[in-house]
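Hi there,

Here is the structure I promised to pass on to you. Have a look at it first, and then read my notes below.

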Amino acid sequence: MTQKNNAENPWTAEDEKGHLSSTLEWWAVIGFFTTQENQKQWSIKATLSEGVVDKKKIDSLCNITLFDQKEKRHYVSYMRIPGAPLRARLDAFDAGLNDSFMKGSYPAYEAHFRDPDQDFEIDFTIQAESVPHWVAQEATNGWIPMGLGFFRYGFIPKTRISGTIKIHGKLFTIKGTGYFEHVW
């Protein structure tokens with residue numbers, strides 16, 4: 001990235017990766033999409049997170065809420081592994097739990113979320129259409145007080161989502177919009 005881009009986009013590759021000293025950290029994609037074959041509208045919130053439960057124990061979580069707007073049906077997936085961090089690389093943003101993962105670098109990311117019990121699998125790319133932003137960026141360069149410490153809440157306010165969803169054995173192409181967030 002050039003210096004000019006850094007002034008416009010304070011988000012760095014270091015910001016995207018995991019932060020081992022964090023008490024709580026998550027990455028999430030939130031969006032609305034349409035299945036192209038039947039024009040059905042959906043919304044999704046998919047989150048990978050890990051947090052310190054006590055002073056020595058880290059739990060990891062994959063939480064997916066998929067909503068079929070036409071049928072008014074929710075698919076809620078909650079996968080938690082007590083005592084284990086997310087599967088993650090230290091040199092790049094690539095985090096996962098079981099079969100689900102998110103990875104990439106601004107402005108492009110890949111995500112795969114699967115719940116075999118509810119019979120859905122979603123693969124999509126997330127393409128940023130705006131620069132990342134830190135909450136309180138203008139006031140404190142994105143650092144926010146919390147209890148006895150502090151945290152960062154970063155997000156990409158506008159993204160394009162495209163890919164596929166396989167639900168109950170049927171495969172559909174998806175297109176939509178959303179946003180991406182990373183908090184630690």
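By class, the lining of the largest cavity has three nonpolar, four polar and two charged residues. In this sorting, Ala, Val, Leu, Ile, Met, Phe, Trp, Tyr, Cys and Pro are nonpolar, Asp, Glu, Lys and Arg are charged, and the others, Gly among them, are polar. The lining residues are His-19, Leu-20, Ser-22, Thr-23, Glu-25, Glu-50, Gly-51, Val-52 and Ile-58. Strand β2 (residues 40-52) gives the most to this lining, with three residues.

Before going further, please keep in mind that this is a predicted model: local features need pLDDT of at least 70, side-chain atom pairs count only at pLDDT 80 or more, and totals for chains, interfaces and linings use all residues. Residues are numbered from 1 along each chain as its sequence is written, and side-chain values use heavy atoms, with hydrogens and water left out.

How many cavities of 30 Å³ or more does a search of the whole structure find? It finds one, and the volume of the largest cavity is about 50 Å³. Rolling a probe the size of a water molecule over the atoms shows where empty space is left. In detail, on a 1 Å grid over the protein atoms alone, a cavity is a set of points where a 1.4 Å probe fits but cannot get out, while a pocket is an open set with protein on both sides within 12 Å along at least five of seven lines; lining residues have an atom within 4 Å of a point. Grid points are joined across faces, edges and corners, and a volume is the space filled by probe spheres set on the points.

The largest pocket holds about 230 Å³ of space. It is lined by 12 residues, and those closest to its centre are Thr-23, Met-146, Phe-150, Phe-151 and Trp-184. Strands β1 (24-35) and β12 (149-167) each supply at least two lining residues, and the largest share, three residues, comes from β12. By class, the lining of the largest pocket has eight nonpolar, four polar and no charged residues.

The second largest pocket has about 170 Å³ of space. Of its 13 lining residues, Gly-18, Leu-20, Glu-50, Ala-88 and Leu-90 are the closest to the centre. Here the classes come to seven nonpolar, two polar and four charged residues.

Next, the chain as a whole. Along the principal axes, the C-alpha atoms fill a box of roughly 45 × 40 × 30 Å. Of the 184 residues, 42% count as buried (under 20% relative accessible area; exposed is over 50%, partly exposed in between, with a 1.4 Å probe and protein chains only).

Ala-128 is in strand β9 and is buried, with a relative accessible area of 13%. Not counting residues up to four places away in sequence, Ala-128 touches Tyr-106, Pro-107, Ile-156, Lys-158 and Thr-159, where contact means heavy atoms within 4.5 Å.

Ser-130 sits in the loop between β9 (120-128) and β10 (133-134). Leaving aside neighbours within four places in sequence, Ser-130 is in contact with Tyr-106, Ile-156, Pro-157 and Lys-158. The side chain of Ser-130 also reaches the backbone nitrogen of Lys-158 at 3.0 Å.

Which form does the peptide bond from Tyr-106 to Pro-107 take, cis or trans? It is cis, with omega near 15 degrees, and Pro-107 lies in the loop between β7 (100-105) and β8 (108-115).

Finally, look at Gln-39, which has a positive phi of about 60 degrees although it is not a glycine. Gln-39 lies in the loop between β1 and β2 and counts as exposed at 52% relative accessibility.

Best wishes

Notes: Helix = DSSP H or I, 4+ residues; strand = E, 2+ residues; numbered from the N terminus. Polar contact = N/O pair within 3.5 Å; in protein donor to acceptor, adjacent residues only side chain to side chain.
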